[in-house]
Amino acid sequence: MTQRSILIIEDDTALLRGLKDNFEGAGYRVRTANDGRRGLDALLQEPPDLLLLDLMLPKLSGYDICRTARSRQLQLPIIMLTAKGQEEDIVRGLELGADDYVTKPFG
């Protein structure tokens with residue numbers, strides 16, 4: 001069985017480390033990026049099985065990354081992680097192709 005891969009694009013260092021450690025502990029292969037440009041490059045270079053995507057990122061927003069992933073027909077689940085929990089932010093993310101939306105902080 002092949003190890004499932006996750007790409008986490010998040011600029012909060014502590015949250016990124018915690019997510020990475022938890023997913024690796026559950027047996028996933030995890031790649032990370034701490035800004036939008038690096039994240040998009042990693043996504044396009046080697047698409048993962050799952051993308052965890054912050055919205056408010058330096059250099060390129062999570063909305064732009066999601067839009068690009070869907071315009072390139074990447075068939076992977078995208079879960080947006082963000083402190084922006086207002087309904088219009090959630091709707092926008094889902095309309096751009098996200099599969100789910102988790103607001104920070106989360107348990």
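Contact here means heavy atoms within 4.5 Å. I took helices (H or I, at least four residues) and strands (E, at least two) as DSSP runs, numbered from the N terminus.

I noted that this is a predicted model, where local features need pLDDT of at least 70, side-chain atom pairs count only at pLDDT 80 or more, and totals for chains, interfaces and linings use all residues. Residues are numbered from 1 along each chain as its sequence is written, and side-chain values use heavy atoms, with hydrogens and water left out.

**Sheet.** I looked up the strand order. Five strands form an open sheet, β2-β1-β3-β4-β5, with parallel pairing; two strands pair if DSSP finds at least two bridges between them. β2 (29-33) and β5 (100-103) are the edge strands, each pairing on one side only. From one strand to the next, the twist averages 20 degrees. I then checked β1 (residues 5-9) against β3 (residues 50-54): they pair in the parallel sense over four bridges. I6 has L50 in β3 as its bridge partner.

**Helices on the sheet.** Angles run from 0 to 180 degrees between N-to-C directions, with axes as lines fitted to C-alpha atoms, for helices over the stretch in contact. Helix α3 (residues 62-71) lies across β1, β3 and β4, at about 175 degrees to β4.

**Ends of α1.** At the N-terminal end of α1, D12 is the cap: one of its side-chain oxygens lies 3.1 Å from the backbone nitrogen of A14. After α1 comes G27, with a positive phi near 100 degrees.

Note on methods
A polar contact is a pair of N or O atoms within 3.5 Å; within protein, one must be able to donate a hydrogen and the other to accept it, and residues adjacent in sequence count only if both atoms are side-chain atoms.
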